[in-house]
Amino acid sequence: MWVIETSEQDMSETSETHEGGCLCGAVRYAFTGEPVYSANCHCRSCQRAVGAGFVTWTAVKKEGFAVTQGEIKYCETSPGMHRGFCDQCGSSLEGHGDDWDENYVTSASLDDPTIATPTTNVFLDHQQPWVRIDESLRCYEKFPD
Ligand SMILES: [Zn+2]
Ligand SMILES: [Zn+2]
């Protein structure tokens, strides 16, 4: 239990830092500001990249994102799309497109994954039959425009 004094809380509105990292601890990242949004991606690329039914991504502002320890290795998994991971433990950490406004961190790699609740399901045309969908979220067959 920790308490933020009112004056600190006011200051942190726009400059709060959130951190995350990989399973083995070699790679750490941080970003400032609040997450832009969070979504579950059910596309086949995400499924294969992490070996799971879907990936929950949290979008963060590009300018506020930084690797603070180690190095994220990138693989261009489709033209212009780069998936970043720890080359020691394989944790998926971050992904971005060449012309995207945001970086996407894997929500589960955040130190506090509860800071961003997913509001959306995308690429449900690739949904695995054994994944239950929360119908109360916005749901899209592809990626919405
Ligand atoms: Zn690692
Ligand atoms: Zn995906």
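This is a predicted model: local features need pLDDT of at least 70, side-chain atom pairs count only at pLDDT 80 or more; totals for chains, interfaces and linings use all residues.
Two residues are in contact here if their C-beta atoms, placed from the backbone, lie within 7 Å.

Leaving aside residues up to four places away in sequence, His126 touches His42, Cys43 and Arg44. Where does His126 sit? It belongs to the loop between strand 10 (120-122) and strand 11 (138-139). His126 has 17 other C-beta atoms within 10 Å, so it counts as partly exposed.

The loop between strand 10 and strand 11 also holds Phe123. Is Phe123 buried or exposed? Phe123 is buried, because 20 C-beta neighbours lie inside 10 Å. Its backbone is worth a look as well: phi of Phe123 is near 55°, a positive value in a residue other than glycine.

In soluble globular proteins, nonpolar side chains tend to be buried together. The largest nonpolar core in this model has 19 residues, and those with the most contacts inside it are Val27, Cys41, Val55, Trp57, Cys86, Leu93 and Val105. Strand 2 (28-32), strand 3 (37-41), strand 4 (55-61) and strand 9 (102-106) are the elements that give two or more residues to this core. The largest share, 3 residues, comes from strand 4.

Not counting residues up to four places away in sequence, Val105 touches Gly20, Tyr29, Thr58, Val60, Leu93, Glu94 and Leu110.

How values were computed: Residues are numbered from 1 along each chain as its sequence is written. Chains are lettered from A and ligands numbered from 1 in the order in which they are written. Helices (H or I, at least four residues) and strands (E, at least two) are DSSP runs, numbered from the N terminus. A residue is buried if 20 or more other C-beta atoms lie within 10 Å of its own, exposed if 12 or fewer, and partly exposed in between; C-beta atoms are placed from the backbone. A nonpolar core is a set of buried Ala, Val, Leu, Ile, Met, Phe, Trp, Tyr and Cys residues joined through C-beta atoms within 7 Å.
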